[in-house]
Amino acid sequence: MTKAKKVIIRPVALGDRADWDDLYRGYAAFYKVTQSDQMRDRVWSWLHDPSAESQGLVAEGADGKLLGLAHFRPFARPLSATTGGFMDDLFVSPDARGMGVADALIDAVRAIAADRGWSVVRWITADDNYRGRGVYDRIATKTAWVTYDIKI
């Protein structure tokens, strides 16, 4: 567990569902992604299934309310013959921004990656996520890779 300015970073727990829902709904709205209750149910189930890749951390404030979340998973890196960590989701409640919550969540994912021997922690963000990119530019290296999707 990591602390930053009265914030505790810990694994997501079953009792976090209501606060987690609010945060994940906010994350989807930020990226203008339509998300249903069933979609959140599925992600929630992954976070509590030991056989699923996805894991979650939450940032808890002094009052017990969740301020942010991070979801991550391992991924194979065949070219380097290593395993990396991919941070799929990172979101901080608008009223908690500027408190170091994003830094604390990323630091916690980095510590997990180091414990597991992962070679890198990687994530993507929208080009116009200027506030988030300000944090990312300070703590990580922007890559030269361009991302493509094929819709199925």
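The model is predicted, so local features need pLDDT of at least 70 and side-chain atom pairs count only at pLDDT 80 or more, while totals for chains, interfaces and linings use all residues. Residues are numbered from 1 along each chain as its sequence is written, and side-chain values use heavy atoms, with hydrogens and water left out.

Let us start with β5, which spans residues 82-92. Helices (H or I, at least four residues) and strands (E, at least two) are DSSP runs, numbered from the N terminus. Eight of the eleven residues in β5 are buried, where buried means under 20% relative accessible area with a 1.4 Å probe and protein chains only.

Two strands pair if DSSP finds at least two bridges between them.

| Partner of β5 | Direction | Bridges | Residues opposite each other |
|---|---|---|---|
| β4 (residues 66-77) | antiparallel | ten | Ala 76 and Thr 83 |
| β6 (residues 121-122) | parallel | two | Arg 122 and Phe 86 |

With β4, strand β5 forms a hairpin that has four residues between the strands. In that turn, Ala 81 has a positive phi of about 55 degrees.

On a 1 Å grid over the protein atoms alone, a cavity is a set of points where a 1.4 Å probe fits but cannot get out, and a pocket is an open set with protein on both sides within 12 Å along at least five of seven lines; lining residues have an atom within 4 Å of a point. Grid points are joined across faces, edges and corners, and a volume is the space filled by probe spheres set on the points.

The whole structure has one cavity of 30 Å³ or more, and the largest cavity holds about 60 Å³. Strand β5 gives the most to its lining, with four residues. Among the lining residues are Met 87, Asp 88, Trp 123 and Tyr 136.

The largest pocket holds about 980 Å³ of space. Its lining has 28 residues, and Arg 122, Trp 123, Thr 141, Lys 142 and Thr 143 lie nearest its centre. Helix α3, strand β6 and α4 (130-139) each supply at least two lining residues.

Note on methods: Buried means under 20% relative accessible area, exposed over 50%, partly exposed in between (1.4 Å probe, protein chains only).
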